[in-house]
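Here is a short tour of a protein chain for readers who like to think in residues and contacts. Have a look at the structure first, and then we can walk through it together.

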Amino acid sequence: MIDSDMRVKGHANIFAIGDITDFKEIKQGYLAQMHADVVCKNIKTLMNGKDKLAAYKGGQEMAIVSLGRKEAVAQIACITISGRLPGMIKSGDLFVTKTRKALALKST
Ligand SMILES: Cc1cc2nc3c(=O)[nH]c(=O)nc-3n(C[C@H](O)[C@H](O)[C@H](O)COP(=O)(O)OP(=O)(O)OC[C@H]3O[C@@H](n4cnc5c(N)ncnc54)[C@H](O)[C@@H]3O)c2cc1C
């Protein structure tokens with residue numbers, strides 16, 4: 001159970017991110033990354049001796065499931081689309097290139 005600043009309830013310096021948190025939202029990896037961004041910011045704030053922590057407000061809920069190399073089905077908010085358009089977002093390399101770039105890893 002977490003507070004809005006992602007700290008585990010009842011603990012001043014323990015944070016939680018990802019699926020384990022009780023924030024009311026879909027459990028997704030890209031949202032865990034957003035949790036991490038808030039927690040990094042808040043740890044830096046605490047390390048600087050400040051106490052005004054950022055709040056996690058939740059992200060856009062979406063799911064994209066690849067259907068082969070070119071097509072996919074996506075649900076974004078209350079809209080569901082399938083075919084080449086959602087496939088262009090994810091199905092090429094399943095976000096591997098994007099993720100490696102975010103982690104500052106060389107492309108394969
Ligand atoms: C089939 C499927 C498809 C998905 N597709 C997507 C997608 O397309 N996009 C997306 O954004 N998200 C997707 N998700 C969700 C995404 O995988 C999770 O939201 C994300 O992995 C959560 O990350 P996490 O680090 O919180 O937990 P996890 O990735 O579950 O990591 C927790 C880790 O803790 C380890 N662990 C557990 N207990 C212990 C213990 N006692 N001691 C030590 N280690 C322990 C586990 O082995 C695991 O490695 C999908 C999930 C599933 C199941």
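Let us begin with Ala77, which is partly exposed because its relative accessible area is 48%. Please keep in mind that this is a predicted model. Ala77 sits in the loop that joins strand E2 (71-76) to strand E3 (79-83). As background, most residues other than glycine have a negative phi.

Met6 is another residue to look at here: although not a glycine, Met6 has a positive phi, near 75°. You will find Met6 in the segment before H1. Is Met6 buried or exposed? With a relative accessibility of 0%, Met6 is buried, since the cut-off for that class is under 20%.

The chain splits into domain 1, covering 1-59, and domain 2, covering 60-103. Between the C-alpha centres of domain 1 and domain 2 there are 26 Å. Six residues of domain 1 and four residues of domain 2 take part in the contact.

How much area is buried between domain 1 and domain 2? The value is about 420 Å², with carbon and sulfur atoms giving 45% of it. On the domain 1 side, the residues that lose the most area to domain 2 are Ile26, Tyr30 and Gly59, and together they make up 78% of what that side buries. As for salt bridges between domain 1 and domain 2, the count is zero.

## Salt bridges

How many salt bridges does a search of the whole structure find? The search finds two. As a general point, side chains of opposite charge can pair when their charged atoms come close.

One of the salt bridges joins Asp3 to Lys9, with 3.0 Å between the closest N and O atoms. Asp3 has a relative accessibility of 30%, so it counts as partly exposed. Lys9 is also classed as partly exposed, because its relative accessibility is 43%. In another salt bridge, the side chains of Asp5 and Arg7 meet at 3.0 Å, N to O. Here, both Asp5 and Arg7 are buried.

## Aromatic rings

A pair of aromatic rings is described by the distance of the centres and the angle of the planes. The count for this model is one aromatic pair. Why is the pair of Phe23 and Tyr56 called edge-to-face? The ring centres of Phe23 and Tyr56 are 4.8 Å apart, and their planes meet at 70°, so the pair falls in the edge-to-face class, which takes angles over 60 degrees.

This pair links distant parts of the chain, as Phe23 and Tyr56 are 33 residues apart. Phe23 belongs to the segment before helix H1 (29-47), while Tyr56 belongs to the loop between H1 and strand E1 (62-67). Phe23 has a relative accessible area of 24% and is partly exposed, whereas Tyr56, at 5% relative accessibility, is buried.

Another ring has a charged neighbour: Lys98 lies over the face of Phe95, 5.3 Å from the ring centre.

## Helix residues and their contacts

Thr45 has its place in helix H1. Its relative accessible area is 17%, so Thr45 is buried. Setting aside neighbours within four places in sequence, Thr45 is in contact with Lys50, Asp51, Lys52 and Leu53.

Not counting residues up to four places away in sequence, Arg84 touches Lys70 and Glu71. Arg84 and Arg100 are 16 residues apart in sequence, and their C-alpha atoms are 24 Å apart in space. Pro86 lies in helix H2 too, and is buried because its relative accessibility is 1%. Which residues does Pro86 touch, not counting those up to four places away in sequence? They are Ile64, Ala72, Ala74 and Ile81. By contrast, 42 Å separates the C-alpha atoms of Pro86 and Gly10, which are 76 residues apart along the chain.

How values were computed: Residues numbered from 1 in each chain as written. Predicted model: local features only at pLDDT ≥ 70, side-chain atom pairs only at ≥ 80, totals over all residues. Heavy atoms only, no water. Phe/Tyr/Trp six-rings, centres within 6.5 Å; stacked < 30°, edge-to-face > 60°. Helix = DSSP H or I, 4+ residues; strand = E, 2+ residues; numbered from the N terminus. Buried < 20%, exposed > 50% of the residue type's maximum accessible area, 1.4 Å probe, protein only. Lys NZ or Arg CZ within 6 Å of the ring centre and 35° of its normal. Domains from an automatic or database assignment. Contact = heavy atoms within 4.5 Å. Buried area = accessible area lost by both parts, 1.4 Å probe. Salt bridge = Lys/Arg side-chain N within 4 Å of Asp/Glu carboxyl O.
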